[in-house]
Amino acid sequence: MNATVLPLSRLAPRRSDHWVFGHQGDVFAGNAKYLFLWVSIHRPDLRVVWLSDREDTLRAIRQSGLPAFRRWSLQGVVAALRSKVFVYCHGVEDTNLHLSGGAYLLNLWHGVGLKATMLGDKGGIVSRAQKHDRNPVMRLFFLEYLTWPDAVVTTSPFMGAHFAHQFELPEARCPQLGYPRLDVHADDALRDVSEAIDRRQGFAFNPSGHAEVYIYMPTFRDTGRPFVEQALPDLNRLSNALRARNALLYVKLHRRTSGVALNGYENIERWPDEVDFYTYLDKFSIMITDYSSILYDYLFTKLSGVILYTFDYDQYVKDDRALLYSFDENTAGLRVSDFDRFCTVLEAGEALVEPAGAADVRRKFWGGCVAPVSPNVVAYVEAALAADGRAPGRN
């Protein structure tokens, strides 16, 4: 298909006011979701369509009155062939790689941070696939890892340089526009639509009305090792610490992370996989994370309430993922390295203050970004299309 359909798709009569969106795993999430919703609300002159092969994703979008089709349905194929702009957060296969010929590829990505990724992650599939780039036959089998975007959206001079290096792109193709997934905190209409989608799926934030709400969001361990029981070895003790403050703790695990059973605790809940947490970031009293880029999203919305729970730091940087920059110099929050201290900190409310250096970290990772940024993203793409939309060095 890469050898036939993709080249033929370059002949499609694409329209600059038709855009298709998608996300890894066929879920409705991330920067692509929020830009899709923002355009639907504020730019009705643009025809937007979401592509997915998950029926629950399609149903949730359609129930909001928005267009969503299976990737290879007749409607999905027509939408892809008509669209000049493909918007995604990981790779163009999130939309439809095989029908993307001649389209403008916009990668919104999925987080600022310290980790090696793409070509910078030397052990990763993208980096390893590069050896096939000049082999015309093998290249067809690895095309999803060898197709580069016309632009990768970034957030600050520091992050612009970082992603230019990780993607091996000129910095001019890494515009510092900001992330649409945080626009919900500056756009009431966008928040209303986002919350309505979640209500239709049966989600209610803090249903029991706890005085404080925390969320624990550990990053994915690349080795796949079961770390959650190491992080939370005694749920009874954790529950007691939370009860002392009438606090609710949501645990949000990566979809590929194996976890522990959280049933039976009135103040500990698993965050539903189908609910996007970005809508609620500003409602949490404390963000608990480790090496995840969610730290920077949270600091964008507020500067208080951060716990960096780094119980496995040495093992993580040795076995899971390299950190390209100093963790201590590029994070802000109360650093906790063992479970006993973790429970004590929660019970005492020690993290409910602004951590030292939080404003500096936010400035470094977000530059001059001010929400809503979606108007700037759309304007950037429209300007690129007006200038023929072709970036130099495109695969």
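1. Axes here are lines fitted to C-alpha atoms, for helices over the stretch in contact, and angles run from 0 to 180 degrees between N-to-C directions. Helices (H or I, at least four residues) and strands (E, at least two) are DSSP runs, numbered from the N terminus. On these terms, helix α2 (residues 30–42) and helix α16 (residues 374–386) have axes that come within 10 Å and cross at roughly 85 degrees, which makes α2 roughly perpendicular to α16 (angles of 65 to 115 degrees count as roughly perpendicular, under 35 as roughly parallel, over 145 as roughly antiparallel and the rest as oblique). Leu 35, Trp 38 and Val 39 of α2 meet Ser 374, Pro 375, Val 377 and Val 378 of α16, contact meaning heavy atoms within 4.5 Å. By class, this contact holds six nonpolar residues, one polar and no charged; Ala, Val, Leu, Ile, Met, Phe, Trp, Tyr, Cys and Pro count as nonpolar, Asp, Glu, Lys and Arg as charged, and the others, Gly among them, as polar.

2. As to the basis of these remarks, the model is predicted, with local features needing pLDDT of at least 70 and side-chain atom pairs counting only at pLDDT 80 or more, while totals for chains, interfaces and linings use all residues. Residues are numbered from 1 along each chain as its sequence is written, and side-chain values use heavy atoms, with hydrogens and water left out.

3. The open sheet has six strands in the order β9-β8-β7-β10-β11-β12, with parallel pairing, where two strands pair if DSSP finds at least two bridges between them. β9 (268–270) and β12 stand at the edges with a single partner strand each, so one side of each is left without a neighbour in the sheet. Neighbouring strands are turned by 20 degrees against each other on average, direction ignored.

4. Within this sheet, strand β11 (residues 306–309) is covered on both faces, since Val 306 and Leu 308 on one side and Ile 307 and Tyr 309 on the other are all buried (buried is under 20% relative accessible area, exposed over 50% and partly exposed in between, with a 1.4 Å probe and protein chains only). Three bridges in the parallel sense pair β11 with strand β10 (residues 286–289); Met 287 stands opposite Val 306, and Thr 289 opposite Leu 308. Three bridges also join β11 to strand β12 (residues 334–336), again parallel, with Leu 334 as the partner of Ile 307.

5. Two right-handed β-α-β units share β11: one is made by β10, helix α12 (residues 294–301) and β11, the other by β11, helix α13 (residues 313–320) and β12. Right-handed means that, with the strands pointing away from the viewer, the path from the first strand over the helix to the second runs clockwise.

6. Helix α12 also packs against helix α15 (residues 358–366), at an angle of about 110 degrees and with the axes 9 Å apart, and the two are therefore roughly perpendicular. The contact takes in Tyr 296, Asp 297, Leu 299 and Phe 300 of α12 and Ala 358, Val 361, Arg 362, Phe 365 and Trp 366 of α15, a set of seven nonpolar, no polar and two charged residues.

7. A separate point concerns His 90, which is found in the loop between β4 (83–88) and β5 (104–107). His 90 is buried, with a relative accessible area of 18%. Leaving aside neighbours within four places in sequence, His 90 is in contact with His 23, Gln 24, Asn 107, Trp 109 and His 110.
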